[in-house]
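Subject: Structure handover

Hello,

I am passing on the structure below, with notes on what was found in it. Please look it over before reading on.

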Amino acid sequence: MVPDNSASEKGQPSIGQAALFGLCPSCGARTLFSGWVRFAPKCRVCGLDLSQFNVGDGPAAFLILIVGAIVVGLAAWLQVAIAPPFWVHMILWLPLSTLLVIIGLRAAKAALILAEYRNRAGEARQGPEHGPGYGQDKQR
Ligand SMILES: [Zn+2]
């Protein structure tokens, strides 16, 4: 048996699993998202209040840059390789961009909320004066 350090506490998913499937950081159920990229207000299984986490739209800006670079690169390659009519570009890259952004956003937000959840759990153990760590220092 290889010890799995990525799942440090019982029931908690690893970052990779959480990012892939949108898992609750506390119990590992697939309850993190209520829409395509929107968090549910709280976990339907364990009741963890997800609205307290302030992941924000930080990942979105990065993703748009990354997805944009990928799509523009592919489109330029396709144009040079076979020079298709313009509508081919439209039906290829619009859905592909949308899909990449949705997948990327879900993964990034799930990973961030899990990381933040673990940080808070660590802070809360250090002493009562820290409180549950509502992240005032993390406000952007
Ligand atoms: Zn849960």
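The notes below go from the overall make-up to single residues.

Residues are numbered from 1 along each chain as its sequence is written. The model is predicted, with local features needing pLDDT of at least 70, side-chain atom pairs counting only at pLDDT 80 or more, and totals for chains, interfaces and linings using all residues.

Confidence

pLDDT is the predictor's confidence in each residue, from 0 to 100. Its average over the chain is 81, and 80% of the residues score at least 70. Residues 1–8 stay under 50, and the model gives them five contacts beyond four places in sequence. Residues 133–140 are also below 50, and this stretch has six contacts beyond near neighbours in sequence. Two residues are in contact if their C-beta atoms, placed from the backbone, lie within 7 Å.

Overall make-up

Helices (H or I, at least four residues) and strands (E, at least two) are DSSP runs, numbered from the N terminus. Of contacts between residues at least 6 apart in sequence, 45% join residues at least 24 apart.

The chain has 140 residues, and 17% of them count as buried. A residue is buried if 20 or more other C-beta atoms lie within 10 Å of its own, exposed if 12 or fewer, and partly exposed in between, with C-beta atoms placed from the backbone.

The core

The largest nonpolar core has 12 residues: Ala18, Ala19, Leu23, Cys24, Leu32, Cys43, Leu48, Leu50, Ala110, Leu112, Ile113 and Leu114. Helix H1 (15–21) and helix H3 (86–126) each supply at least two residues of this core, and the largest share, four residues, comes from H3. The term nonpolar core means a set of buried Ala, Val, Leu, Ile, Met, Phe, Trp, Tyr and Cys residues joined through C-beta atoms within 7 Å. In soluble globular proteins, nonpolar side chains tend to be buried together.

Ala110 is found in helix H3 and is buried, because 26 other C-beta atoms lie within 10 Å. Leaving aside neighbours within four places in sequence, Ala110 is in contact with Ala18, Ala19, Gly22, Leu23 and Leu32. The C-alpha atoms of Ala110 and Gly16 are separated by 9.2 Å, although the two are 94 residues apart along the chain. With neighbours within four places again left aside, Leu23 is in contact with Pro13, Gln17, Ala18, Gly28, Ala29, Arg30, Leu32 and Ala110.

Leu20 lies in helix H1 and counts as partly exposed, because it has 15 C-beta neighbours inside 10 Å. Its C-alpha atom is 9.4 Å from that of Gly104, 84 residues away along the chain.

Helix H2 covers residues 58–82, 25 residues in all; at 1.5 Å a residue it should span 36 Å, and its end C-alpha atoms are 37 Å apart, which agrees. The expected span is 1.5 Å times one less than the number of residues.

Ile64 is found in helix H2 and counts as partly exposed, because it has 15 C-beta neighbours inside 10 Å. Ile64 and Leu100 are 36 residues apart in sequence and 9.3 Å apart in space, C-alpha to C-alpha.

Ala83 is exposed, because 8 other C-beta atoms lie within 10 Å.

Regards
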